[in-house]
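Student: Could you walk me through how to read strands, burial and cores in a model like this one?
Tutor: Gladly; let us look at it together.

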Amino acid sequence: GRWLAAGILLSSAVLGWPRGAGAATTSYDVSGQAVVQVIGHTGSIVIRTWNRDTVQIDWPDGAAFVASKTTQATRSSFLIPTVSVEEERGPGGTVSTTLLPEDFPVPGLAPGMHDVVRVEQIRPLEPGRPASPAPITLMIPESTGLVNVRTDRGAVTLSDYRGTTIAADRRGRMTFSGVSGDAFVQPLNGSFYAIDS
């Protein structure tokens, strides 16, 4: 009787054990000097390098991300778009500023056709409803020519990348660890940390 009760208790504990959420994985084989672009809204974005010629993207099942791969001709510079910034200044109210567009040179990216992997977090269709803060992780080749990441409120972490980086975050935290190369980093109302970079 005791063994039967213990077996039932054990099986109910195992069957009722909380399970981790599933993850969606997408991967693309890319050639050298690929361009990786990530557009987020509220979720954290983690980008790491590895020694494979593959971009692998992982996010929780059901999270609203869409990924694609194309081949495009690249230029020697990339446009940093116009950005409107609002800053609260106490009792004086809010001050609005517009940062004009500018070109950022990418001298290390050879001219010509390059694989472009783009990942975008989709905003909800209902107005006023915030996007889910789902995290996303990308593994990118060491040979990636350009990482271009933009987000509204999410945290951005870039690790062990050696190339050109364009990163803009409106209200989040950006952390670069072991990163080298040319970088345009624009934390508008957030923070930026560079560790061994």
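**Strands, sheet and cores**

Tutor: Ser77 lies in strand 6 (residues 77–80); strands here are DSSP runs of E with at least two residues, numbered from the N terminus. This is a predicted model, where local features need pLDDT of at least 70, side-chain atom pairs count only at pLDDT 80 or more, and totals for chains, interfaces and linings use all residues. Residues are numbered from 1 along each chain as its sequence is written, and side-chain values use heavy atoms, with hydrogens and water left out.

Student: Is Ser77 buried or exposed?

Tutor: Buried means under 20% relative accessible area, exposed over 50%, and partly exposed in between (1.4 Å probe, protein chains only). Ser77 has 13%, so Ser77 is buried. Leaving out residues up to four places away in sequence, Ser77 touches Asp103, Phe104, Pro105 and Val106, a contact being heavy atoms within 4.5 Å.

Student: How do strands pair, in general?

Tutor: Through backbone hydrogen bonds, either parallel or antiparallel. Pairing here requires that DSSP finds at least two bridges between two strands. Strand 3 (residues 45–50) and strand 11 (residues 136–141) are parallel, with six bridges; among them, Thr49 has Ile140 of strand 11 as its bridge partner.

Student: Which order do the seven strands of the open sheet follow?

Tutor: The order is 1-4-11-3-13-15-17, with mixed pairing. Strand 1 (23–29) and strand 17 (191–195) are the edges, each pairing on one side only.

Student: Which residues touch the most other members of the largest nonpolar core?

Tutor: Ile57 and Leu138, out of 29 residues. Such a core joins buried Ala, Val, Leu, Ile, Met, Phe, Trp, Tyr and Cys residues through side-chain atoms within 4.5 Å.

Conventions. Helices (H or I, at least four residues) and strands (E, at least two) are DSSP runs, numbered from the N terminus.
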